[in-house]
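Reader: I'm new to this one. Can you walk me through it?

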Amino acid sequence: MGIYEGDPDWDDVVPIPQDDGEGALAQIAYSDEYSEAMGYLRAAMATKEHSQRVLDLTEHIISLNPAHYTVWLYRASTLFAINSSISDELQWVNEVALENQKNYQIWHHRQLLIDHLYPSISSPADLKAVEESERGFMTQMFNQDSKNYHVWSYRQWFVRKFNLFNDAEIKSVEELLRKDIRNNSAWSHRFFIVFNDPTYCTPDSKAMEHDPKIPDSILDREIEFAKAATFEAPQNQSPWNYIRGVLRKGGRKLATLEGFAQEFVKLPSEEGKEEDVRSSHALDFLADVWGEKGEAKKADEALRLLGDKYDRIRKNYWDWRRGLLKEGGGAGLVGKMEAMSVK
């Protein structure tokens, strides 16, 4: 006898079994416990029942299969129908999320909960409490996996929902970068916060599109932040990409930071300098700088060094870049690379 078959609270329900169709070729071998629970949930859904026992049933099923999207959706509709406590639900969801790091259904459910809760938030203090609680839980998640895609996606949504383009959010991301300066997810989120702030950004400006409204003080601050990170870890690609993004947002030439990039790259010259490359990403940056300036010979030498010595695993890519350079000269290389970039 199953759990629900012998439960008097479910005496009035006739379970609906799984129907895979006649002659199914690849039936899933569900456990008896799971099959029974789903049979009772199908029956509850068929009659559109929303009750505490349905919540208990969905909790049981989620413990067996936390990736069942339909169960999460029906749980949410039941919660809202019977005015169940959202704060209690969030506490339960926290526990499930910590046990199931890569489950995206949990984060969609959380989004539905916060969406439902939002209209009832009546004071700045309550708003602040939700903000701090959610940020605190996301920090818990990041302590286990600082690059969890589902959490970062939810965080972007949460920032937009609560208009958290503020110093507190930036400082929170900086804490993550102090722990791991190579956390490309944190770098991406910082870019999202800074360059989507409605107080100074053009609405709906694309990620890699020049926005003339962004103040120079913001651009300078972000460049200095990224420059400091490159000194900490020169071979970390994230801050180099960040610098490129900031320059493009500000409509500034790569050549404005030629001197900075040359702090990591010394090439043989007529003055007899010895070759010293501390960052292949700086060398790549300089190749684009020199291409931008029309100094094709220097750009080609940088690309050759990358393919032959400093990034040999991608030699074919660097050779392809050299081909672009020869086709259109230095300026042509930069233009073609920008045309192919994601905007």
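Author: Here is a short tour, from the whole chain down to single residues. It is a predicted model, where local features need pLDDT of at least 70, side-chain atom pairs count only at pLDDT 80 or more, and totals for chains, interfaces and linings use all residues. Residues are numbered from 1 along each chain as its sequence is written, and side-chain values use heavy atoms, with hydrogens and water left out.

Reader: How many helices and strands?

Author: The chain has 15 helices and two strands. Both are DSSP runs numbered from the N terminus: helices are H or I with at least four residues, strands are E with at least two. The radius of gyration is 27 Å, well over the 20 Å that the globule rule gives for 343 residues, so the chain is more spread out than a compact globule. That radius is taken over C-alpha atoms, and the rule is 2.2 Å times the number of residues to the power 0.38.

Reader: What does the C-alpha trace span?

Author: About 90 × 55 × 30 Å along the principal axes.

Reader: Switching topic. How many salt bridges are there?

Author: The structure holds 31. A salt bridge here is a side-chain nitrogen of Lys or Arg within 4 Å of a carboxyl oxygen of Asp or Glu. One of them joins Glu89 and Arg75, at 2.8 Å from N to O. This pair links distant parts of the chain: Glu89 sits in helix α4 (residues 86-99) and Arg75 in helix α3, 14 residues apart.

Reader: Is Glu89 buried or exposed?

Author: Glu89 is buried, at 4% relative accessibility. Arg75 is buried too, with a relative accessible area of 4%. Buried means under 20% relative accessible area, exposed over 50%, partly exposed in between (1.4 Å probe, protein chains only).

Reader: Which residues form a network of salt bridges?

Author: Glu174, Glu175, Arg178, Arg190, Arg221 and Glu222. Within it, Arg190 pairs with Glu174, the closest N and O atoms being 2.8 Å apart. Arg190 is in helix α9 (residues 184-194) and Glu174 in helix α8 (residues 167-179).

Reader: And the largest nonpolar core, how many residues?

Author: The largest core has 92 residues, and Phe158 and Phe285 have the most contacts inside it. A core is a set of buried Ala, Val, Leu, Ile, Met, Phe, Trp, Tyr and Cys residues joined through side-chain atoms within 4.5 Å.

Reader: What does Phe158 touch?

Author: Leaving out residues up to four places away in sequence, Phe158 touches Ile114, Val130, Glu131, Glu134, Met138 and Leu164. Contact means heavy atoms within 4.5 Å.
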